[in-house]
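Subject: The structure I promised you

Hi there,

My notes on what turned up follow right below.

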Amino acid sequence: MKVNGKNYQAAWMQENTVKMVDQLALPFRFRIKKSDSWQESAAAIRDMTVRGAGTIGATAAFAVLQALLASNQKNYLKNSRHAVQEIKKTRPTANDLFYAADSMSMEINKSNSFEEAKKNAKKKAFEIFESYLESGKKIGLHGNALLKKNARVLTHCNAGWLALVDWGSATAPIYAASRGGKKPFVFVDETRPRLQGAKLTAWELAQEKIAHCVIADNAAGHFMQKGEIDIVITGADRIALNGDTANKIGTYEKSVLAKENGIPFYVAAPLSTFDTHTLSGKEIIIEERSQSEVLRVLGQGKKRVEEVEIYSKKSTAKNPAFDITPSKYITGFITPKGIIKPTKNEIRSLFK
Ligand code: MRU
């Protein structure tokens with residue numbers, strides 16, 4: 001997608017260097033961070049310099065490739081296995097991280113020599129990267145059909161191009177509708193504690209010149225009740241076989257409110273986010289992040305970007321990063337293969 005008129009992806013690889021839009025600096029500064037080793041790339045996933053299911057998937061694939069390219073004939077199997085294990089420890093919930101790291105591992109293991117492994121792994125990493133670009137475009141195409149002219153859409157967190165390399169998952173239908181002249185309006189949940197909605201989605205929409213407003217996380221019910229929201233579209237981090245969906249904390253309550261108010265609730269995701277080995281949401285591991293993310297906020301001060309405390313030091317906080325939306329609250333999944341119902345059979349049919 002374009003930033004100040006120039007085309008960017010959220011992460012990409014040139015030579016042995018992974019380049020990524022530094023999402024910790026947005027919206028105050030747009031800068032590209034470079035990583036020259038798999039350890040630095042893994043750290044960027046862990047500290048959320050890169051974030052969002054698809055973007056961490058692509059970055060993980062590139063990180064495994066970096067580990068391989070830094071190896072030699074003797075140690076490449078041991079090195080890449082170690083890197084895959086460590087990369088998989090960076091964040092536990094998003095399926096794409098595991099899908100990408102395991103796909104890379106398979107390519108390396110099935111190769112008969114170091115040279116062959118490098119060739120196969122490079123091909124695989126770029127296939128994974130390209131598949132996110134394609135998925136975003138196709139999700140946009142299918143999801144656009146759900147948006148009428150002047151549609152008022154609520155979205156949560158950032159499932160935009162920053163989260164899926166390009167186009168995005170939840171935002172792709174909005175971008176497609178806007179480029180087709182439908183003039184959508186977007187309600188952006190601010191998404192505490194890290195504010196991915198306010199800081200990232202709102203910034204993306206402004207770059208695309210799409211009308212939007214940021215709302216406090218607890219305001220969505222009010223706007224739904226007043227009939228000001230036509231449709232909710234979110235992304236996903238992991239979708240179980242029965243359609244239960246892990247997504248950013250707060251998604252569950254939006255889905256319940258949508259059902260109560262008769263508003264369709266769609267989840268947009270590439271196929272790599274579906275985890276057919278996980279039977280229901282009960283089995284999904286929810287990442288617990290540091291309480292400092294709740295106790296402190298990062299913002300633009302008079303002179304610089306700074307982090308400030310917003311609670312008394314005497315209070316503690318809890319910080320689950322995701323919650324599970326049961327499939328009964330989901331109207332459908334917008335996938336690159338079309339829109340499906342949240343049932344086992346329809347999810348299985350995606351992989352036939
Ligand atoms: O913790 P994050 O910011 O990496 O969480 C990911 C998300 O932004 C969402 O949950 C998103 O809706 C799905 S990612 C396409």
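The largest share of the lining of the largest cavity comes from α2, which gives three residues. Before you go on, keep in mind that this is a predicted model.

A quick word on how such spaces turn up: rolling a probe the size of a water molecule over the atoms shows where empty space is left. In this structure there are two cavities of 30 Å³ or more, and the largest has a volume of about 230 Å³. Its lining is made up of 24 residues, and R51, G52, A53, N158 and D237 are the ones that lie nearest the centre. Two elements give two or more residues to that lining: α2 (53-69) and β11 (245-248). Sorted by class, the lining has eleven nonpolar, nine polar and four charged residues.

Where does the largest cavity lie relative to domain 1 and domain 2? Domain 1 (2-137) and domain 2 (145-349) both give residues to the lining, so the cavity lies between them.

The second largest cavity has a volume of about 40 Å³. Residues that line it include P193, R194, K248 and R289. Here the lining divides into two nonpolar, two polar and four charged residues.

The peptide bond from R192 to P193 is cis, with omega near 5°, and P193 sits in the loop between β7 (185-189) and α7 (196-207). You'll find another cis bond from L26 to P27, with omega near 5°. P27 is in the loop between β4 (17-21) and β5 (32-35).

While you're around β4, have a look at E15, in the loop between β3 (11-14) and β4.

Two packed helices are described by the angle between their axes and the distance between the axes. For α2 and helix α5 (residues 114-144), the angle is about 165° and the axes are 9 Å apart. Are α2 and α5 roughly parallel or roughly antiparallel to each other? Angles over 145 degrees count as roughly antiparallel, and therefore α2 and α5 are roughly antiparallel. Their crossing is left-handed.

Cheers

Conventions. Residues are numbered from 1 along each chain as its sequence is written. This is a predicted model: local features need pLDDT of at least 70, side-chain atom pairs count only at pLDDT 80 or more; totals for chains, interfaces and linings use all residues. Side-chain values use heavy atoms; hydrogens and water are left out. On a 1 Å grid over the protein atoms alone, a cavity is a set of points where a 1.4 Å probe fits but cannot get out, and a pocket is an open set with protein on both sides within 12 Å along at least five of seven lines; lining residues have an atom within 4 Å of a point. Grid points are joined across faces, edges and corners, and a volume is the space filled by probe spheres set on the points. Helices (H or I, at least four residues) and strands (E, at least two) are DSSP runs, numbered from the N terminus. Ala, Val, Leu, Ile, Met, Phe, Trp, Tyr, Cys and Pro count as nonpolar, Asp, Glu, Lys and Arg as charged, and the others, Gly among them, as polar. Domain bounds come from an automatic or database domain assignment. Axes are lines fitted to C-alpha atoms, for helices over the stretch in contact, and angles run from 0 to 180 degrees between N-to-C directions. Angles under 35 degrees count as roughly parallel, over 145 as roughly antiparallel, 65 to 115 as roughly perpendicular and the rest as oblique. A crossing is left-handed if the near helix is turned anticlockwise from the far one by less than a right angle, and right-handed if clockwise.
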